[in-house]
Amino acid sequence: MKKVYLDHAATTHVKSEVLAAMLPVFGQSFGNASSIHAYGREARKLVEDSRERVAKALGAKAEEIYFTSGGTESDNLALKGVAFANQKKGKHIITSAIEHHAVLHTCQWLEKQGFEVTYLPVDEYGRVRVEDFEKAIRPDTILASIMFANNEVGTIEPIEALAKAAHAHNVIFHTDAVQAVGQVEIDVEKMGIDLLSMSGHKIYGPKGVGVLYVKKGIRFEAQMLGGEHERRHRAGTENVPGIVGLATALELAIEQIPQENARLTALRDRLIAGLSKIPYAKLNGHPIERLPNNVNMSFSFIEGEGMLLSLDLMGIAASSGSACTSGSLDPSHVLLAMGLNHETAHGSLRLSLGSDNTQEDIDYVIDKLPGIVERLRQMSPLYTEAKGE
């Protein structure tokens, strides 16, 4: 049976070049990077070299890069760290209604600690309106967190304009760029980004390692307490193999953006065109300002879970939204915020492309999915009613 992996937004395989860079660190350069002997100094050099490489790839300085366990920890450290360090200036935070739960749940937790959070609406394509953002800023606003690109529908936000508006009012600007890094070109300095979160396993690197970029001069408090690691801002023995792997994966991803984006965009558009021929199908997200590898579509009168199970039986891996909420029966909060009703949101499917996908893969999905949708609809009384039978 043919196997097609179209869930790269959930995670990616580790590329051979990344694995090759990591293997010696497991067996030869295994020292604790905080130890002062030769083994430790060798590990420390690998960490600091990787920090330089990551900084260069993001347009940052090495001292602005902090290694974490992944995107969720980076988001938590950014929001909680900045909020508590700056609470004397104010306790108001701005975010959007379509953020990843690593941001939304952190903001909800901060509300319980006495902070006030404004959750901005989005338009029908999932874009935050700059004018809504500006109107939400108050004298006591200290932090704004708007994701670079949405993990479900792939919509890219107007980050530069939002950061500029934030800075006009002395508001610190954070972006969750877990889905965007390696997909689009990012220069934190040029874009005016104060804090940025990213994760290794979304860019063909290892799981369990991430980065938080913090612009020099931004005050934030450590949330992991223990040792003196990461300049006293993130305690815990450094994951040296993971850090080396992340740096290697990031460099490869940045280097390949021009040609890979063109290739993925062509495959993405071919997939969208093919699936749009299915009756009662709707593309979710911005038609142009979207990630090159993201296709999110809703098929009325059926459940997304049924499509996923049927696709899996044919060797096709996909998702119905964020991998972090795949166990939930609730419709996507992203799609609801974009104005879709519950029934349509329940019938959503996310297909996210990657480096190994081919035109043959895309045509296979285009060939198989219409039959799956039709079969599931035949069991739906809503579909029968819609056809007037």
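Helices here are DSSP runs of H or I with at least four residues, and they are numbered from the N terminus. Keep that in mind for names such as α6. The model under review is predicted.

1. **One side of helix α6.** Start with α6, which spans residues 159-168. Its buried residues are Ile159, Leu162, Ala163, Ala165 and Ala166. Why do they lie on the same side of α6? They cover an arc of only 160 degrees around the axis, and that puts them on one side of the helix. An α-helix has 3.6 residues a turn, so residues three or four places apart point the same way.

2. Now turn to the face pointing away from the buried side. Lys164 and Ala168 sit there, and both are exposed.

3. Asn170 lies in the loop between α6 and β6. Is Asn170 buried or exposed? Asn170 counts as exposed, because its relative accessibility is 70% and the cut-off for exposed is over 50%. Most residues other than glycine have a negative phi. Asn170 is not a glycine, yet its phi is positive.

4. Find Tyr204 in the loop between β7 (195-199) and β8 (210-214). Tyr204 is buried, with a relative accessible area of 13%. Asn170, by contrast, is exposed.

5. **A nonpolar patch on the surface.** Which residues form the nonpolar patch? They are Val14, Leu19, Leu23 and Phe26. Together they have about 370 Å² of accessible area. Phe26 belongs to helix α1, residues 16-27. Phe26 counts as exposed because its relative accessible area is 52%, and the cut-off is over 50%.

6. **Salt bridges: one that spans the chain.** Side chains of opposite charge can pair when their charged atoms come close. How many salt bridges does the structure hold? The count is 17. One of them joins Glu360 and Lys2, with the closest N and O atoms 3.7 Å apart. This pair links distant parts of the chain: Glu360 is in helix α13 (residues 359-377), Lys2 is in the segment before β1 (4-5), and 358 residues separate them. Glu360 is exposed, at 55% relative accessibility. Lys2 is partly exposed, at 26%.

7. **Salt bridges: one inside a helix.** Now compare Asp49 and Lys45. Their salt bridge has its closest N and O atoms 2.8 Å apart. Both residues are in helix α2 (residues 38-58). They are four residues apart, so about one helical turn separates them. Asp49 is partly exposed, at 34% relative accessibility. Lys45 is exposed, at 51%.

8. **Salt bridges: from loop to strand.** Arg138 and Glu116 also meet in a salt bridge, at 3.0 Å from N to O. This pair too links distant parts of the chain: Arg138 is in the loop between α5 and β5 (141-145), Glu116 is in strand β4 (residues 116-120), and the two are 22 residues apart. Arg138 is partly exposed, with a relative accessible area of 27%. Glu116 is partly exposed as well, at 43%. There is also a network: Arg44, Glu48, Arg51, Glu230 and Glu238 are joined by salt bridges that share partners.

9. Strand β12 covers residues 348-352. How many of its five residues are buried? The answer is five of five. Look at which way they point. Ser348, Arg350 and Ser352 point one way, while Leu349 and Leu351 point the other way. All are buried.

10. **The partner of β12.** Strand β10 (residues 294-299) pairs with β12 in the antiparallel sense, over five bridges. Where to begin on screen?

Technical notes
Residues are numbered from 1 along each chain as its sequence is written. This is a predicted model: local features need pLDDT of at least 70, side-chain atom pairs count only at pLDDT 80 or more; totals for chains, interfaces and linings use all residues. Side-chain values use heavy atoms; hydrogens and water are left out. Buried means under 20% relative accessible area, exposed over 50%, partly exposed in between (1.4 Å probe, protein chains only). The arc is that of the directions from the helix axis to the C-beta atoms. Patches are made of residues with over 30% relative accessible area and no salt bridge: like charges are joined within 9 Å, nonpolar side chains (Val, Leu, Ile, Met, Phe, Trp, Tyr) within 5 Å. Accessible areas come from the Shrake-Rupley method with a 1.4 Å probe; for residues, only the protein chains shown count as cover. A salt bridge is a side-chain nitrogen of Lys or Arg within 4 Å of a carboxyl oxygen of Asp or Glu. Two strands pair if DSSP finds at least two bridges between them.
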